[in-house]
Amino acid sequence: MSKTESQENKREDMPVLSVCDVMRDNTNQVIMKVESLLPSFIESFANIQEEYLRIARDFFGTCYIAEKELLDKMGVDHKAIEGFDKYLKVWTKYTILDIDMANNFQKTFVTNTISGMKTYDNYVKLMLAEYAKMLEYTSALIPKKS
């Protein structure tokens, strides 16, 4: 058996490789990598939140000690503290409204993005159907190899 015949036999044994298969397989690898990282991404943000809350709790624990020692010695009027409480309640209310607004914005963004993706998908399917018709028509015009 000659070297050329051996190479031709090897080519015949290999499955036919499709451009679509190549693109699909490589795209799937990227998607699977991104999906595999999602749990660690979420965990990382949860760890940040946990550390933030720990620091906040430590701060307020220290705050009580300082308040007892400092404000009592200074004779701060409790009406001033009540005014400060009212101020912070308003500030907290607007902060929570901002958080809700940002959350709603994110939900709307995701909804609109998915809608856009579905529209694009429908467009691509329509174009591929037209492309397939064109290929079928063109293929009928090309003489077959003997």
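**Entry 1: the largest pocket**

I began with the lining of the largest pocket and sorted its residues by class: eight are nonpolar, none is polar and two are charged. In this sorting Ala, Val, Leu, Ile, Met, Phe, Trp, Tyr, Cys and Pro count as nonpolar, Asp, Glu, Lys and Arg as charged, and the others, Gly among them, as polar. I note that the model is predicted, that local features need pLDDT of at least 70 and side-chain atom pairs pLDDT 80 or more, while totals for chains, interfaces and linings use all residues. Residues are numbered from 1 along each chain as its sequence is written, and side-chain values use heavy atoms, with hydrogens and water left out.

I then looked up the lining by name and found Phe59, Phe60, Cys63, Glu67, Leu71, Val76, Ile81, Phe84, Asp85 and Leu88. A pocket here is an open set of points on a 1 Å grid over the protein atoms alone, where a 1.4 Å probe fits, with protein on both sides within 12 Å along at least five of seven lines; lining residues have an atom within 4 Å of a point. The elements that give two or more residues to this lining are α2 (19–74) and α3. The largest share, five residues, comes from α2. I took helices as DSSP runs (H or I, at least four residues), numbered from the N terminus. The space in this pocket is about 330 Å³, a volume being the space filled by probe spheres set on the points, which are joined across faces, edges and corners.

How many salt bridges does the structure hold? I found seven, each a side-chain nitrogen of Lys or Arg within 4 Å of a carboxyl oxygen of Asp or Glu.

I looked up Lys125, whose side chain meets that of Asp121 at 3.1 Å, N to O. Both residues lie in helix α3 (residues 78–141), four residues apart, about one turn of the helix. Asp121 is partly exposed at 34% relative accessibility (buried is under 20%, exposed over 50%, partly exposed in between, with a 1.4 Å probe and protein chains only).

I next checked Lys133, which forms a salt bridge with Glu130, the closest N and O atoms being 3.4 Å apart. This pair also lies in helix α3, three residues apart, about one turn of the helix. Lys133 is exposed at 51%, whereas Glu130 is partly exposed at 39%.

**Entry 2: a network**

Salt bridges that share partners join Asp21, Arg24 and Asp25 into one network. Within it, I looked up the salt bridge of Asp25 with Arg24, whose closest N and O atoms are 2.9 Å apart. Asp25 is partly exposed at 37%, and Arg24 is partly exposed at 44%.
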